[in-house]
Amino acid sequence: KLRSSVDVGRLISHGATVRKVDGSDIADDICLSDFEALLDEHFKLSQTKPVSVTVLKCPRTEHGTLMHSTTVKNAMKWKREQYARYQSPRNALKRKLDSLYVQIFIFALILVDLTLFAMYDRMDSATLAIVTFTILGIYLVEILLRIYAKRPEFFFKDPLEALDLTVVIASCLLSLVQHSNA
């Protein structure tokens, strides 16, 4: 429902094809001056009520109203920003650290560490120290990479990440004390 021929003009300038005006079909081959006269006549006759205009096609692409509206521009800008943020080195590192392969690798290291703990009495202390500190070093590197990837202010807000860091630091300190006494 439109209130003036200006509204119809906006539709047409954006590529819309008007098919009906107040229920009357519009010929495909009508010239612009005849169409404007027809619109003016309908708007003069219906001074208090809106004119019903049926639009066949209102493209919403490059020259349509939707691509040029500020809402869509803002949405497209937001989408570009999100994509750039997704491609940032921190987020790429975070995705790699959260990948299934890295998680399986860390889980396998935990199992190896538990096996070493169970076989503590049967192993050479020098070999045990090398393997233990290697595993703890890998854990520490993973934690430091996570702190970088998530940013410290978000890393320490996550209780599981803080617990993980605490366990790794405690394990490092206990291993240092244990192997320095041996």
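This is a predicted model: local features need pLDDT of at least 70, side-chain atom pairs count only at pLDDT 80 or more; totals for chains, interfaces and linings use all residues.
Residues are numbered from 1 along each chain as its sequence is written, and side-chain values use heavy atoms, with hydrogens and water left out.

I begin with the pocket. The largest pocket has a volume of about 640 Å³. A pocket here is an open set of points on a 1 Å grid over the protein atoms alone where a 1.4 Å probe fits, with protein on both sides within 12 Å along at least five of seven lines; lining residues have an atom within 4 Å of a point. The volume is the space filled by probe spheres set on the points, which are joined across faces, edges and corners. Of its 24 lining residues, Asp 113, Leu 136, Tyr 139, Val 167 and Ser 171 are closest to the centre. Helix α9 gives the largest share, 10 residues.

Arg 146 belongs to α7 and counts as buried because its relative accessibility is 7%, the limit being under 20% with a 1.4 Å probe and protein chains only. A polar atom of its side chain lies 3.1 Å from the backbone oxygen of Leu 97.

Ile 147, also found in α7, is buried at 15% relative accessibility. Its C-alpha is 9.7 Å from that of Leu 165, 18 residues apart in sequence.

Definitions and conventions: Helices (H or I, at least four residues) and strands (E, at least two) are DSSP runs, numbered from the N terminus. Buried means under 20% relative accessible area, exposed over 50%, partly exposed in between (1.4 Å probe, protein chains only). A polar contact is a pair of N or O atoms within 3.5 Å; within protein, one must be able to donate a hydrogen and the other to accept it, and residues adjacent in sequence count only if both atoms are side-chain atoms.
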